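Let's take a friendly walk through the ligand site and the pockets of this protein. Please have the structure open as you read.

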Amino acid sequence: MRIGLLTSGGDAPGMNATIRAVVRAAIHNGDTVFGIYDGYRGLVEGKIVEFTRKNVSEILNKGGTILGTARLPEFTYEAVRRLAVEQLKKHDIESLICLGGDGTYSGAIRLHEMGIKTIGVPCTIDNDIASTDFTIGFSTALSTACDAIDKLRDTSSSHQRCSIIEVMGRHCGDLALYSGICCGAEYIITNETGLDKNKLLNDLKQTRLAGRRHAIVVISENMTDVHQLAKEVEAFTGYECRATILGYVQRGGTPTPEDRLLAARLGKYAVDLLKEGVTGVAVGVKDNKLVSTPIEQALAMQNEPNVELFDVVNKIS
Ligand code: F6P
């Protein structure tokens, strides 16, 4: 087989470990892999290079993606995708492994419909792909967020402040939920919980009156303007309040062992599936077992709220 490999959308720690796994597994099988630089944009522009094992040495523990990534909204146009297919044909590449999130999957399914054998591998810090329990990058972003929240707790407690910490996740609350539990946040606000501002302000006032030195609020991005919320908390509760947006720092860094392991398993699995003739699917893990789901179905699946973890929050925060 001649397999193309690209990373697209927001980068995620563990993308390099996945690239390494795909290249090594394919070469082991006697296949040829082509690294495609800068996502679908690079594919359209023909930035395609044959990869050897040497191309993927010393990258296992590196954050980011050696292939580079991009977002290409124009890929929704068939004419643009036709250019991509032409580039693949020019290099005799019949299969494509696409690493990324749901935007990446949307591109992959369209190419699949145009006759390219595609496999999607979930690489995003957001953990918002419902066809897998965990995405590659989530564990590392969680670890980064926890490290930051622990540090913010130190200073909040010293100054008797309330700290509002906004984490990424796009529209998925997992980074907020998991990091909030791991760091003992007093309040966790996500898409799933919604933001009940009156309740939050009243609860924080009670917390303050009860003599708590600090309060940690972890909130998902895209919920509200956290700096404005901090002003309202100050005005209403008696706490001094600061908001911190963790931002892009969550996307970087050396991948955790969990992400490296997932990358190794899913990268190899993607190659195995292509060899078996399975295409148009997204790989993942469910209950720690490898699974594949038609990409169309993976995109349509909704992330169910994690009832068990929300119950943990209700009972121990
Ligand atoms: O999808 C990953 C992610 O980091 C989201 O958490 C965030 O909303 C988005 O990407 C930011 O994207 P961009 O790099 O285009 O600013």
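The report below starts with the ligand and then turns to the pockets.

## About the model

This is a predicted model, in which local features need pLDDT of at least 70, side-chain atom pairs count only at pLDDT 80 or more, and totals for chains, interfaces and linings use all residues. Residues are numbered from 1 along each chain as its sequence is written, and side-chain values use heavy atoms, leaving out hydrogens and water.

## Around the ligand

With a heavy atom within 4 Å as the cut-off, the residues around the ligand are Arg71, Asp126, Met168, Gly169, Arg170, Glu221, Tyr248 and Arg251. By class, this shell has 2 nonpolar, 1 polar and 5 charged residues; Asp, Glu, Lys and Arg count as charged, Ala, Val, Leu, Ile, Met, Phe, Trp, Tyr, Cys and Pro as nonpolar, and the others, Gly among them, as polar.

A polar side-chain atom of Arg71 lies 2.8 Å from a ligand oxygen. For the side chain of Arg251, an N or O atom is 2.7 Å from an oxygen of the ligand.

## The pockets

The ligand takes up the space of the largest pocket. Here a pocket is an open set of points on a 1 Å grid over the protein atoms alone, where a 1.4 Å probe fits, with protein on both sides within 12 Å along at least five of seven lines; lining residues have an atom within 4 Å of a point. The lining of the largest pocket has 9 nonpolar, 11 polar and 10 charged residues.

The second largest pocket is lined by 15 residues, with Tyr187, Ile188, Ile189, Thr193 and Lys199 nearest its centre. Its lining divides into 7 nonpolar, 4 polar and 4 charged residues.

Conventions:
Polar contact = N/O pair within 3.5 Å; in protein donor to acceptor, adjacent residues only side chain to side chain. Sits in = over half its atoms within 2 Å of the grid points.
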